[in-house]
Amino acid sequence: MEEKLETAAQAAEAEPAEKQAAPVKERQPARNYHITRRQTDGKWQVKFAGGEKAIKLFDTQADAIVYAKKLADSRDGSITIHKKDGKMRKQRY
């Protein structure tokens, strides 16, 4: 009867390695967000790199930067800030 009793450690060792290993969560690629000024109405927009549509619009560049920082921090990304004329002001913020 003693042979049938196993400790938790012994039972874990007896299980196949597939059951022991926790599933590996795939890491998504880092997102780069761009802050640019729209030509149509002068509002500041936050967009994905290469994206056509704005994620969100702001009256000031400072508000757009705060929002983009939160997005980038939560998704392990970065932001690129553009000047009014479209040239890069600061990259990898």
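Q: In what sense do strand β4 and β5 pair, and over how many bridges?
A: Strand β4, which covers residues 78-82, pairs with β5 in the antiparallel sense over 2 bridges; two strands count as paired if DSSP finds at least two bridges between them. Strands themselves are DSSP runs of E with at least two residues, helices are runs of H or I with at least four residues, and both are numbered from the N terminus.

Q: Which residue stands opposite Met88?
A: His82 stands opposite Met88, which is in β5.

Q: Before going on, what kind of model is this?
A: It is a predicted model, in which local features need pLDDT of at least 70 and side-chain atom pairs count only at pLDDT 80 or more, while totals for chains, interfaces and linings use all residues. Residues are numbered from 1 along each chain as its sequence is written, and side-chain values use heavy atoms, with hydrogens and water left out.

Q: What order do the strands of the open sheet have?
A: The 5 strands of the open sheet have the order β3-β2-β1-β4-β5, and their pairing is mixed. At the edges are β3 (56-58) and β5 (88-90), each of which pairs on one side only. From one strand to the next, the twist averages 30°, where axes are lines fitted to C-alpha atoms, for helices over the stretch in contact, and angles run from 0 to 180 degrees between N-to-C directions.

Q: Which strands does helix α3 lie across?
A: Helix α3, residues 61-74, lies across β1 (32-37), β2 (44-48), β3, β4 and β5, and it runs at about 160° to β4.

Q: And how do the elements run from the N terminus on?
A: The protein chain has 3 helices and 5 strands, and from the N terminus on they run α-α-β-β-β-α-β-β.

Q: Changing topic, how many aromatic pairs does the count come to?
A: The count comes to 2 aromatic pairs; rings of Phe, Tyr and Trp (its six-membered ring) pair if their centres lie within 6.5 Å, and planes under 30 degrees apart count as stacked, over 60 as edge-to-face and the rest as tilted. One of them joins Tyr33 and Phe48, whose ring centres are 5.3 Å apart and whose planes are at 35°, so this pair is tilted. Tyr33 in strand β1 and Phe48 in strand β2 are 15 residues apart, and the pair links distant parts of the chain.
A tilted pair is also formed by Phe58 and Tyr67, with ring centres 5.4 Å apart and planes at 45°.

Q: Is Tyr33 buried or exposed?
A: Tyr33 counts as buried because its relative accessibility is 1%, where buried means under 20% relative accessible area, exposed over 50%, and partly exposed in between (1.4 Å probe, protein chains only).

Q: What lies over the face of Phe48?
A: Arg31 does, at 4.3 Å from the ring centre; a charge sits over a ring if NZ of Lys or CZ of Arg is within 6 Å of the ring centre and within 35 degrees of the ring normal.

Q: Where is the place of Ala49?
A: Ala49 is in the loop between β2 and β3, and it counts as partly exposed at 43% relative accessibility. Leaving aside neighbours within four places in sequence, Ala49 is in contact with Asn32 and His34, contact meaning heavy atoms within 4.5 Å. Ala49 and Tyr33 are 16 residues apart in sequence and 5.6 Å apart in space, C-alpha to C-alpha.
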